[in-house]
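Please take a moment to look over the sequence and the fold before reading on.

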Amino acid sequence: MADGSTSTPTPDDAAVPYSHIFPIGYSNSSDCGYCRGARSGQSRKRFSYYAVATSLTPSFYQKLVDRCWRRSGTLLYRPNQKNSCCPHYTLRLDATDFRPTKDQRQAVNRFNKFVLGEAYSKEAARARPRSREETRRRDNEFDLVARISEAEFASLETPPLPEHNLVVTLEEDTFTEEKYEVFENYQRLVHEEPPDKISRNGFKRFLCSSPIIRETAIEDGGKEKKLGSFHQCYRLDGKLVAMGVLDLLPHCVSAVYFMYHESIRQHNPGKLGALREIALALDAGYRWWYSGFYIHSCPKMRYKVDYSPQYVLDPETLEWDVLDKDALAIFDKQPYVSLSAERRQKALEKEKEEGEQGDGSEKEEVPALVSDGDSMPHGGDEEAFLFHSNMPGVPSLEEMKKVNMDNLLLRSDYAEDCFLASQLVVWDTESIGEYGNLKSRIAELVAAIGPDLVSEYCVDFRRRNRT
């Protein structure tokens with residue numbers, strides 16, 4: 001049980017036993033940044049379930065990202081892929097099977113050559129010549145972990161000194177002016193955002209002070225693994241030139257954001273950052289690299305499939321499928337894709353075809369498993385009710401009526417300690433089918449997260465923790 005303290009948990013407080021989440025609800029964001037220009041004048045839909053986290057254990061957030069959730073600062077959201085102009089899909093890459101392409105290898109080699117400089121390379125080769133065996137291995141094998149850090153000053157034998165001093169560090173996700181300057185430059189010159197849309201407060205909310213608790217896990221053999229949110233900072237000759245915002249979770253390196261100063265754009269910093277994050281997943285034992293949501297209709301997102309093998313999370317079964325050429329061909333044909341539903345559809349078609357062979361009758365068209373209009377919102381308050389939505393992978397209202405939520409932990413400004421949902425005065429009189437009441441709000445959160453995880457979090461209604 002929680003200790004009853006009303007102080008706000010901090011990311012370093014690893015003793016906090018539960019994740020703390022405040023439910024916002026299911027709603028539409030009418031402004032979609034991904035198709036704003038391409039679909040001018042058309043209806044834009046971006047329905048998601050939203051919540052705010054005041055603290056998250058790394059293991060709990062790992063389970064959330066494996067159920068289509070992502071975070072933006074403390075805001076958690078789970079998109080409805082069926083009711084979106086630009087459906088969001090979760091991707092992950094197996095770092096143990098990753099083999100960099102020629103273009104990716106060249107990007108690393110070119111940047112290393114730039115950092116080291118020609119003079120260093122020649123003098124180092126004379127002072128410490130490689131054996132024929134080492135040269136042959138280097139020419140035939142590309143060790144990503146070794147090669148990506150090869151030009152870092154900490155990895156070099158000196159003298160001689162390199163032309164540039166490259167230092168890459170993993171730091172806490174705290175705000176500094178140095179970091180904000182890179183963010184401001186990136187948003188203004190690379191993303192071409194107007195200055196009035198860029199602020200220190202926005203940077204802090206979006207990319208600093210994560211609700212994920214920082215911990216250190218001890219792996220087999222005694223190896224330490226960092227967990228929590230961090231900034232991977234790239235400094236060249238003492239100046240911060242790039243930064244990756246990462247959530248390090250028990251089984252993955254989850255990329256939140258990557259930014260760089262426009263002065264290094266010619267070195268393919270985005271590609272180098274992705275490769276370094278994959279190397280971190282491989283070297284530190286996280287295994288998986290999550291590159292964030294993938295939107296197939298957005299050309300700027302296509303680069304993600306250049307890193308393989310990629311797996312896509314099925315929004316209906318919450319299981320992983322290989323994102324190969326066959327899968328991408330299905331994404332080309334339709335905005336909403338569930339590969340498990342596609343397989344079921346093909347099995348039905350095959351069964352029907354085999355059953356009709358030889359009878360001479362005309363074949364009937366096999367109906368789609370899920371109609372575009374199936375369970376669609378119909379406007380008004382019902383449109384904002386999760387149980388009247390068509391969100392895949394979420395229990396229905398009838399299924400949720402069978403879920404026992406009595407022992408779900410709650411926090412309130414009006415009680416010093418945690419208490420059970422069943423202790424609410426209105427708990428036995430309210431119905432989860434009545435939109436807007438307290439019990440239905442809690443049930444929506446439980447459904448969006450998954451009823452099997454009710455013992456791992458506390459529904460936090462304390463107003464002061466969300467300011």
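A patch, in the sense used here, is made of residues with over 30% relative accessible area and no salt bridge, and nonpolar side chains are joined into one patch within 5 Å. The model is a predicted one, and on its surface Phe 153, Leu 161 and Val 167 form a nonpolar patch, with about 260 Å² of accessible area together. Phe 153 belongs to the loop between α5 and β6, and its relative accessible area of 32% makes it partly exposed.

Most residues other than glycine have a negative phi, and most peptide bonds are trans. Against that background, Thr 158 and Pro 159 are joined by a cis peptide bond, with omega at about -5°, and another cis peptide bond, with omega at about 5°, joins Pro 159 and Pro 160. Pro 159 is found in the loop between α5 and β6, and Pro 160 has its place in the loop between α5 and β6 as well.

Asp 237, in the loop between β8 and β9, has a phi near 55°, which is a positive value in a residue other than glycine, and with 46% relative accessibility Asp 237 counts as partly exposed. Asn 268 also has a positive phi, of about 55°, although it is not a glycine; this residue is found in the loop between β10 (252-260) and α8, and at 31% relative accessibility Asn 268 counts as partly exposed.

Rolling a probe the size of a water molecule over the atoms shows where empty space is left. How many cavities of 30 Å³ or more does the count come to? The count comes to three, and the largest cavity holds about 180 Å³ of space. It is lined by 17 residues, of which Phe 111, Leu 166, Tyr 234, Leu 272 and Arg 276 are the closest to its centre. Several elements take part in this lining, since α2, β6 (166-172), β8 (224-236), β9 (239-249) and α8 (269-283) each supply at least two residues, while α8 gives the most, with four residues. In the lining of the largest cavity, 13 residues are nonpolar, three are polar and one is charged.

The second largest pocket, an open space, has a volume of about 980 Å³. Its lining is made up of 24 residues, and Leu 116, Arg 128, Arg 130, Arg 138 and Glu 150 are those that lie nearest its centre. Four helices, α2 (102-116), α3 (118-127), α4 (132-140) and α5 (144-148), each supply at least two residues of this lining, and α3 gives the most, with five residues. Which classes of residue make up the lining of the second largest pocket? There are 12 charged residues, together with seven nonpolar and five polar ones.

Charged residues lead on to the pairs they form. Side chains of opposite charge can pair when their charged atoms come close, and the structure holds 22 salt bridges. In one of them, Glu 133 pairs with Arg 136, and the closest N and O atoms are 3.1 Å apart. Both residues lie in helix α4, three residues apart, which is about one turn of the helix. Glu 133 is partly exposed, with a relative accessible area of 43%, and Arg 136, at 46% relative accessibility, counts as partly exposed too. Glu 133 and Arg 136 are also linked with Arg 137 in a network of salt bridges.

Arg 188 counts as partly exposed, at 31% relative accessibility. The salt bridge between Arg 200 and Glu 177 has its closest N and O atoms 2.7 Å apart. This pair links distant parts of the chain, with Arg 200 in helix α7 (residues 200-207) and Glu 177 in helix α6 (residues 177-190), 23 residues apart. Arg 200 is partly exposed, with a relative accessible area of 41%, and Glu 177 counts as partly exposed at 35% relative accessibility.

Definitions and conventions:
Residues numbered from 1 in each chain as written. Predicted model: local features only at pLDDT ≥ 70, side-chain atom pairs only at ≥ 80, totals over all residues. Heavy atoms only, no water. 1 Å grid on protein atoms, 1.4 Å probe; cavity = no way out; pocket = protein on both sides within 12 Å on 5 of 7 lines; lining within 4 Å. Points joined across faces, edges and corners; volume = space filled by probe spheres on them. Nonpolar A, V, L, I, M, F, W, Y, C, P; charged D, E, K, R; others polar. Salt bridge = Lys/Arg side-chain N within 4 Å of Asp/Glu carboxyl O. Buried < 20%, exposed > 50% of the residue type's maximum accessible area, 1.4 Å probe, protein only. Patch = residues over 30% accessible without salt bridge, like charges linked within 9 Å, V, L, I, M, F, W, Y side chains within 5 Å. Areas by Shrake-Rupley, 256 points an atom, 1.4 Å probe, with all protein chains shown as cover.
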